[in-house]
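Hi,

Here is the structure I said I would pass on.

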Amino acid sequence: MNTLAFFRHLNAFLRDNPRLPGEEALMAQFDLVGIGPHAQFDESRLPAGLRRGLERAIADARAMIFNAPRARQSYKGWSPIAQNSGRFGFDYLNRAIVEANGFLINQPEESVYPGALADAKGDPFTGARAYRIVFPAGALPPHDAFWSLNAYDVRTVDLIPNPIKRYGLSDRGEKLVKR
């Protein structure tokens with residue numbers, strides 16, 4: 001949502017859903033500009049300055065969300081896609097990043113979501129190269145249920161189309177090559 005319609009949606013959500021304890025001051029600020037839980041957002045009645053400010057807020061938020069660094073920590077090139085998975089609390093930016101990218105996130109005890117954007121040399125992945133992932137003998141990813149490895153396009157967050165129509169590897173799928 002990249003228009004003032006976002007604030008109409010946000011306002012309706014805030015009016016109809018409970019807030020977290022500790023958000024009272026934030027909600028009071030939202031009420032002051034007509035988008036909080038005790039306000040009724042009406043785009044047609046916005047003063048020109050407030051309209052420009054809200055439009056700027058949308059542009060700034062989109063830049064923060066879609067240009068946010070994806071990796072906060074790394075282990076041998078793999079980094080978590082989402083911090084605080086499923087328990088965002090007051091981490092509004094991380095929640096926005098996860099939701100804007102269409103991810104469905106479980107809580108940390110349920111799932112781990114590592115991602116990688118570069119190969120072992122640090123070069124960005126490209127469709128012009130072939131890649132191989134190697135697990136040491138007896139060291140497939142640990143799991144209580146299953147694991148899978150999928151390749152997504154970082155721009156579209158969709159699975160990458162390919163001529164063999166193979167979109168992932170897992171412990172339940174086709175046999176893995178063991179050497």
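Below is what turned up, starting with the charged pairs. Keep in mind that this is a predicted model.

Salt bridges first: the count comes to 4. One of them joins the side chains of E43 and R8, at 3.6 Å from N to O. That pair ties together distant parts of the chain, since R8 sits in helix 1 (residues 5-16) and E43 in the loop between helix 2 (24-32) and helix 3 (48-66), 35 residues apart. E43 also forms a salt bridge with R51, where the closest N and O atoms are 3.5 Å apart. So R8, E43 and R51 are linked in a network of salt bridges. As for accessibility, E43 is partly exposed at 26%, R8 is partly exposed at 44%, and R51 is partly exposed at 25%.

Another salt bridge brings D60 and R56 together at 2.9 Å, N to O. These two are 4 residues apart in helix 3, so about one helical turn separates them. R56 is exposed, with a relative accessible area of 54%, whereas D60 is partly exposed at 33%.

Next, the surface. L20, F90 and Y92 make up a nonpolar patch there, with about 280 Å² of accessible area together. F90 belongs to the loop between strand 1 (79-80) and helix 4 (92-100), and is partly exposed at 48%.

And is D153 buried or exposed? Its relative accessibility is 19%, so D153 counts as buried. You'll find D153 in the loop between strand 3 (148-150) and strand 4 (168-170). Leaving out residues up to four places away in sequence, D153 touches D158 and I160.

Cheers

Definitions and conventions. Residues numbered from 1 in each chain as written. Predicted model: local features only at pLDDT ≥ 70, side-chain atom pairs only at ≥ 80, totals over all residues. Heavy atoms only, no water. Buried < 20%, exposed > 50% of the residue type's maximum accessible area, 1.4 Å probe, protein only. Contact = heavy atoms within 4.5 Å. Patch = residues over 30% accessible without salt bridge, like charges linked within 9 Å, V, L, I, M, F, W, Y side chains within 5 Å. Areas by Shrake-Rupley, 256 points an atom, 1.4 Å probe, with all protein chains shown as cover.
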